[in-house]
Every structure is written in structure tokens, then in C-alpha cells.
Amino acid sequence: MLILLPPSETKTAPTTGDPVNLAELSWPQLTAARERALKALVKVSGQRNAMTVLGVGSSLEQEVLRNQNLSSAPTAPALEVYNGVLYDALSRNSFTPAQRATAEQSIVIMSALWGALRPTDRIPAYRLSGSTALRGLGKSGGLKMSTYWKPHLAEVLGGEAGEQLIVDCRSSTYASAFDAPKQNTVTVKVVQPVHGRRKVVSHNAKHTRGELARHLIGYEAQGATVRTAEDLRAVAGQRWTVELAEPSAKKAGELTVVLPEQG
């Protein structure tokens, strides 16, 4: 089983730790692409229009300035750097040793800067969205990072995925960076009835995806396996009300998690 997670825009900046070593990150085949992305981000972060290009407001100016020193900045494991609703729900600090080992094997974090990461890959905090276009990558006007990574991730993650079940918890921006094989992929949708009508509530959806990832990791850490979409439905159904649309060769499956109704 592979669990695909989006990154988090909010990050905890490490205060100690060696600088990033691109060659030591998972999938070293991505090293050259990571070098180009890093160089492009550092360059744009030093420009007068950096805030505009990166699509951030004045409150994040320090994060953009920090981008200029990413090559020498302290690093920490990705699961310690990314925070926010989904990662808080994942609760990596409470992992048992068996759960940590399972998470390392199962979780793949998509990244606008690094392409894809495993939980223990050491990275600095950075500011870059998958929807941002950086000059120096592809066309003269630059490429959106999700577009930039697409051919690279198809090569490395396509082989990694194989015939494993892929539980896709990504947001739409990062889903476009890697087309997971439809026949063995199940996307996760979270809905909540509000006055009788199902709605997608962003905060609740992120939180539930994090809880689902944690639930699956805990299940496999006990020695069980989640190999099929039906396995996923059964395991998720232990905790939530769920509905499953099976995957096919033409369309990924969909697991809908239905939260309790909101009055």
C-alpha cells in the first residue's frame, strides 16, 4: 500500500541539523530536477517581485527571505517539517516503532520543491506552492511546479507504485503532478451532511484524511495488509461510514467518508 499525501503550506523551520543533501533524498533519480527547482526558487526569492510570483502576502515575507538560503538552512525529517490540519491528525509523534517503520514504507509526500519525499527525508522549511510557476523551468514564462514534476514523477513513482493499492489523499494541485495508475488507485473524498445536504468542508476533509492515513498505518503495523480497494473499504469502515466506488482501467476508485451530520 502507498498513501499519497499533499505537503503542507505551513511548516516548522528546523533550528539545527545539517543542510539538505539532495543526493540522499529518496529517489535520487530526481536529484538533477531538484537542483533546477531549488536554483529557480532561490533566484526568484531574491527578486523584487518575489512575493507576487510566489503568491503570498506581506505576513509571509520572512518565509520568502528564508528561501534565499535553503541550501545552507538546517533540516529535519519531512514529517517534522510539515504541519497543519492533516499532519496534526496523522500525529507522527505518537507513532510506535512499528508504525514509524510502516509509515516510512507506505507514505509518499508530494512536494512542489522536492517532487516526492519519504517521511524521514531531511529537508529545510520552504515556501513554494505546486500552483506557482517559476522562470528557468521549461518555457520562457516558467512552468507550474505541478507541471514541471509530472514527467519526472511518472518515471520514478510509476515504477514504485507497481500493482500496490494506492490511497490517494492529495489535493487537486498535487494530484496533477503524478497520474497514479487508475486500476489500483482509490482517491479519498470526505463529505459531511449539513441540513440534509452533503458538503465538502475543507478543514474536516484534511483532518479526516490525516486520521485515515494514521488508521491504515496502525492497521498494517499490526501485521495485516491492505491490498485491495475492498480491503480499504473494510478497514476504513471500522471507524467511519464509508462508500466505495471500485477502480477500473479507465477511472480511479473513490472512497467516500461520510462524517456525522452537522446541524
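Student: Is Glu160 buried, partly exposed or exposed?
Tutor: The model is a predicted one. Buried means under 20% relative accessible area and exposed means over 50%. Glu160 has a relative accessible area of 28%, so the residue counts as partly exposed.

Student: Which side chain meets that of Glu160 in a salt bridge?
Tutor: A salt bridge needs a side-chain nitrogen of Lys or Arg within 4 Å of a carboxyl oxygen of Asp or Glu. For Glu160 the N to O distance is 2.6 Å, and the partner is Arg118.

Student: How many residues apart in sequence are the parts that Glu160 and Arg118 tie together?
Tutor: Glu160 lies in helix α7, and Arg118 lies in the loop between β4 and β5. The pair therefore ties together parts of the chain whose separation in sequence is 42 residues.

Student: Is Arg118 buried or exposed?
Tutor: The limit for buried is under 20% relative accessible area. Arg118 has 8% relative accessibility, so Arg118 counts as buried.

Student: Which strands does the salt bridge between Arg198 and Glu243 tie together?
Tutor: The side chains of Arg198 and Glu243 meet at 2.7 Å, N to O. Arg198 is partly exposed at 46% relative accessible area, and Glu243 is partly exposed at 36%. The two residues are 45 apart in sequence, and the strands are β10 for Arg198 and β11 for Glu243.

Student: Where in the chain is Glu211, which forms a salt bridge with Arg239?
Tutor: The closest N and O atoms of Arg239 and Glu211 are 3.2 Å apart. Arg239 is in the loop between α10 and β11, 28 residues away from its partner, and Glu211 is in helix α9.

Student: Which residues are linked in a network of salt bridges?
Tutor: By the rule used here, the count comes to 8 salt bridges. The residues linked in a network are Glu9, Glu63 and Arg127.

Student: Arg34 is buried yet has no salt bridge; what is the nearest side chain of opposite charge?
Tutor: Arg34 lies in helix α1. Leaving aside neighbours within four places in sequence, its contacts include Leu22, Trp27, Trp114 and Trp149. A salt bridge needs the two atoms within 4 Å. The nearest side chain of opposite charge is 5.4 Å away and belongs to Asp121.

Student: Which element gives the largest share of the lining of the largest pocket?
Tutor: The largest pocket holds about 390 Å³ of space. Of the 19 residues that line this pocket, the closest to its centre are Pro6, Pro7, Ser8, Ser171 and Lys206. The lining divides into 9 nonpolar, 6 polar and 4 charged residues. The largest share, 4 residues, comes from α9.

Student: Which element gives the most to the lining of the second largest pocket?
Tutor: About 230 Å³ of space lies in the second largest pocket. Its lining has 13 residues, with Ala40, Lys43, Leu134, Arg135 and Gly136 nearest the centre. The elements that give two or more residues are α1 and β6. The most, 5 residues, comes from α1.

Notes. Residues numbered from 1 in each chain as written. Predicted model: local features only at pLDDT ≥ 70, side-chain atom pairs only at ≥ 80, totals over all residues. Heavy atoms only, no water. 1 Å grid on protein atoms, 1.4 Å probe; cavity = no way out; pocket = protein on both sides within 12 Å on 5 of 7 lines; lining within 4 Å. Points joined across faces, edges and corners; volume = space filled by probe spheres on them. Nonpolar A, V, L, I, M, F, W, Y, C, P; charged D, E, K, R; others polar. Buried < 20%, exposed > 50% of the residue type's maximum accessible area, 1.4 Å probe, protein only. Lys, Arg positive; Asp, Glu negative; His and termini not counted. Contact = heavy atoms within 4.5 Å.
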